[in-house]
Amino acid sequence: MSIAKLEEDLQTLSTHESFARFIETVYSLREEAIASMFESDKDQVQQISGTILAYDQLLKMVNWNALQARHTGRLHNDL
């Protein structure tokens, strides 16, 4: 899949509230992973860091801040 097509698909998806709720869940999972780092040993921290990085990449790809702004008032975790 080309990057242009992926960007077009993400733009289309971003108009749907259900997609915004899904990405909001990804954001919440990222926050939970960050919180769990404080209770983890060294090996777990490395694994959790990888998970957080994956969440970050997805949130960046879908432009979470813009998506959140577009759906303000309809999402549970308005920040």
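Colleague: Where is asparagine 63 found?

Modeller: Asparagine 63 sits in the loop between H3 and H4; helices here are DSSP runs of H or I with at least four residues, and strands are runs of E with at least two, numbered from the N terminus. Keep in mind that this is a predicted model, where local features need pLDDT of at least 70, side-chain atom pairs count only at pLDDT 80 or more, and totals for chains, interfaces and linings use all residues. Residues are numbered from 1 along each chain as its sequence is written, and side-chain values use heavy atoms, with hydrogens and water left out.

Colleague: How do the axes of H2 and H3 cross?

Modeller: H2 (residues 17-36) and H3 (residues 42-61) have axes that come within 9 Å and cross at roughly 155 degrees. Those axes are lines fitted to C-alpha atoms over the stretch in contact, with angles from 0 to 180 degrees between N-to-C directions. That makes H2 roughly antiparallel to H3, a label for angles over 145 degrees.

Colleague: Which residues of H2 meet H3?

Modeller: On the H2 side, Ile23, Val26, Tyr27, Leu29, Arg30, Ala33, Ile34 and Ser36 meet Ile48, Ile52, Tyr55, Asp56, Leu58 and Leu59 in H3. Contact means heavy atoms within 4.5 Å.

Colleague: What about tryptophan 64, what is it in contact with?

Modeller: Leaving aside neighbours within four places in sequence, tryptophan 64 touches Ala20, Ile23, Glu24, Tyr27, Leu59 and Leu75. Trp64 also belongs to the largest nonpolar core, which has eleven residues, including Leu10, Phe19 and Val62. Such a core is a set of buried Ala, Val, Leu, Ile, Met, Phe, Trp, Tyr and Cys residues joined through side-chain atoms within 4.5 Å.

Colleague: Which helix gives the largest share of this core?

Modeller: H2, with five residues.

Colleague: Last one: how far apart are lysine 5 and isoleucine 52?

Modeller: They are 47 residues apart in sequence and 26 Å apart in space, C-alpha to C-alpha.

Key. Angles under 35 degrees count as roughly parallel, over 145 as roughly antiparallel, 65 to 115 as roughly perpendicular and the rest as oblique. Buried means under 20% relative accessible area, exposed over 50%, partly exposed in between (1.4 Å probe, protein chains only).
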